[in-house]
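Please consult the sequence and the model shown here.

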Amino acid sequence: MKLHYEEKTQGEENLIPLINIVFLILIFFLIATVIRPFSAKDIELATAIKQDELHKLTNTLVIDKQGTTMVRGAPVAIENIKEAFSFEDGQAEKETLNIITDKALPADKLLEIVSKLSSEVKFAKIKLVIEKNER
Amino acid sequence: MQLETTPKRSLKLSLTPLIDVVFLLLIFFMLASTFSRFTSLPLTARSGEGQAAKTMSFILVRIEKEGTVTVNGQRVEVATLVETIDQLAIKPEMKLIIKPIEGSSVQHLVSVLEKARQSKLKAPVVMR
């Protein structure tokens with residue numbers, strides 16, 4: 001038996017509603033979110049309720065769970081930190097170092113790295129980046 | 001004088017490149033953006049070695065395993081840390097020293113630092 005197939009109509013779909021929705025989502029993302037200031041994967045930041053506002057996130061040093069120090073995604077030894085940030089002479093003394101680390105890292109390991117850092121480079125400030133907990 | 005007018009052509013613009021670009025932008029923002037709000041905490045770390053004993057009095061907060069906190073040897077809850085420090089801080093020049101020991105994590109340190117900064121002694125020193 002020969003089945004009768006209904007011929008499909010090649011009607012042009014109206015794309016305007018789709019574009020409207022996509023534009024709306026795009027505008028929502030543009031307004032409601034901020035670009036993630038660092039690209040460290042698998043790092044869960046420590047949380048606190050009320051702390052200083054973070055205005056600018058420059059000179060970031062990432063420390064992973066194992067205590068590996070990384071600058072711009074590449075592992076860097078503490079001794080070479082000045083070269084990794086390509087600081088000029090005397091520039092580090094005016095800069096703030098932002099440390100991004102996992103909340104599970106042992107605190108003594110973090111302090112060991114910070115004290116090593118302080119003996120290598122005299123940063124104006126050393127700050128720990130944390131996530132705001134809206135409790 | 002009658003001017004010769006060129007007949008208007010109705011141009012139908014293709015929307016496909018526009019949709020392509022908008023989708024690309026959308027995917028970029030979806031992947032690169034975050035709803036988390038970041039803050040920072042000043043970290044003043046001092047090495048315990050080679051420090052000369054000073055006459056200045058201090059309050060010692062130790063963070064022990066699993067985040068247990070002791071203030072001058074007395075075990076306290078993190079929730080009551082601010083009150084405990086305020087009671088002990090009889091002189092404004094007193095120093096608040098925070099010492100995490102093995103087994104405590106960065107989250108424990110951050111929680112204690114947060115409470116310590118709410119106390120009268122606003123500038124705690126973290127010691128190894």
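## Basis of the report

Buried area is the accessible area (1.4 Å probe) that two parts lose on being put together, summed over both. The model is predicted: local features need pLDDT of at least 70, side-chain atom pairs count only at pLDDT 80 or more, and totals for chains, interfaces and linings use all residues. Residues are numbered from 1 along each chain as its sequence is written, chains are lettered from A and ligands numbered from 1 in the order in which they are written, and side-chain values use heavy atoms, with hydrogens and water left out.

## The interface between chains A and B

About 4,200 Å² is buried between chain A and chain B, and carbon and sulfur atoms give 69% of this area. Contact (heavy atoms within 4.5 Å) involves 49 residues from chain A and 37 residues from chain B.

Between chain A and chain B there are zero salt bridges, a salt bridge being a side-chain nitrogen of Lys or Arg within 4 Å of a carboxyl oxygen of Asp or Glu. Eleven residue pairs are in polar contact between chain A and chain B (both at pLDDT 80 or more). A polar contact is a pair of N or O atoms within 3.5 Å; within protein, one must be able to donate a hydrogen and the other to accept it, and residues adjacent in sequence count only if both atoms are side-chain atoms.

## Strand pairing across the interface

Helices (H or I, at least four residues) and strands (E, at least two) are DSSP runs, numbered from the N terminus; two strands pair if DSSP finds at least two bridges between them. β8(A) pairs with strand β2 (residues 38–42) of chain B in the antiparallel sense, over five bridges. The bridge partner of A:Glu131 in β2(B) is B:Phe38.

## Parallel strands in chain B

Strand β4 (residues 58–63) of chain B runs parallel to strand β7 (residues 95–100) of chain B, joined by six bridges. B:Val61 stands opposite B:Ile98 in β7(B).
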